[in-house]
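This briefing is for a reader meeting the structure for the first time.

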Amino acid sequence: MATARQRRTRTRTTRNPRRRASARRAPSRAQARRPDALRMLKDDHQKVKEMFGRFERAQSSTKEGLARTICEELKVHAQLEEEVFYPAVREAIDDEDMMEEAEIEHDTAKYLIAKIEASSPSDESFDACVKVLGEYIQHHVKEEEGEMFKKVRRSRLDTAALGEQMKERKGELIGESARGRDRGRRGIGSRLFGRSA
Ligand SMILES: [Fe+2]
Ligand SMILES: [Fe+2]
């Protein structure tokens with residue numbers, strides 16, 4: 001025969017099973033706030049896509065500022081992928097060729113970014129460089145989201161844990177970028193990419 005204590009325990013654990021099940025399913029606030037690596041990168045992609053669109057419609061007086069912002073955004077994004085995301089993906093999926101291609105595409109984008117940063121709207125090639133960079137990034141994003149991200153989703157990579165790491169590193173990179181601008185530098189390009197164009 002059950003003791004009074006055993007009866008109390010049984011009552012607590014069996015009462016309202018629906019409530020206990022939903023409590024198990026509901027993510028905690030901390031879990032709900034966890035950034036997902038793929039979501040973060042897709043948000044960045046969308047943000048720069050919109051900025052390239054704004055550049056095309058912009059008056060010449062605002063083009064330089066917009067182009068500089070696009071370059072800063074892309075440099076932080078590329079650095080984040082190269083430092084944190086790509087190495088994790090390389091380990092999680094077996095596709096060295098795809099990863100090499102992505103890194104080479106970053107190099108080409110950096111060349112164009114450096115060219116834009118070294119010029120101004122008064123240069124004839126300025127608009128053309130931004131346009132080509134926009135098209136190039138569009139192509140790169142299509143491959144990342146259409147191929148790489150699909151493979152990541154099918155892998156065992158913990159994109160939530162990776163997102164945490166990326167969020168922290170992105171905060172640092174944005175800080176570095178802002179400090180570089182404050183010091184009147186051309187941005188974080190030379191430090192982030194380890195070379196000048
Ligand atoms: Fe990307
Ligand atoms: Fe990329």
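Read along the sequence, the chain of this predicted model runs α-α-α-α-α-α-α-α-α. That comes to nine helices and zero strands.

**Chain as a whole**
- The chain has 197 residues, and buried residues make up 20% of them.
- Of the contacts between residues at least 6 apart in sequence, 73% join residues at least 24 apart.

**Helix H8**
- Helix H8 covers residues 159–182, which is 24 residues.
- From first C-alpha to last, H8 reaches 34 Å, close to the 34 Å expected at 1.5 Å a residue.
- The buried residues in H8 are Thr159, Leu162, Gly163, Met166, Leu173 and Ser177.
- An α-helix has 3.6 residues a turn, so residues three or four places apart point the same way.
- Helices H4 (37–57), H5 (60–92) and H7 (126–154) are what the buried residues of H8 pack against.

- In soluble globular proteins, nonpolar side chains tend to be buried together.
- The largest nonpolar core here has 14 residues, of which Leu74 and Ile116 touch the most other members.
- Two or more residues of this core come from each of H4, H5, H6 (96–117) and H7.
- H5 gives the largest share of this core, five residues.
- Leaving aside neighbours within four places in sequence, Ile116 is in contact with Ala67, Cys71, Phe126, Cys129, Val130 and Leu133.
- Another core, of 13 residues, lies apart from the largest one; among its members are Ala37, Val89, Met148 and Met166.
- Met166 is also one of the buried residues of H8.

Terms used
Residues are numbered from 1 along each chain as its sequence is written. Chains are lettered from A and ligands numbered from 1 in the order in which they are written. This is a predicted model: local features need pLDDT of at least 70, side-chain atom pairs count only at pLDDT 80 or more; totals for chains, interfaces and linings use all residues. Helices (H or I, at least four residues) and strands (E, at least two) are DSSP runs, numbered from the N terminus. A residue is buried if 20 or more other C-beta atoms lie within 10 Å of its own, exposed if 12 or fewer, and partly exposed in between; C-beta atoms are placed from the backbone. Two residues are in contact if their C-beta atoms, placed from the backbone, lie within 7 Å. The expected span of a helix is 1.5 Å times one less than its number of residues. A nonpolar core is a set of buried Ala, Val, Leu, Ile, Met, Phe, Trp, Tyr and Cys residues joined through C-beta atoms within 7 Å.
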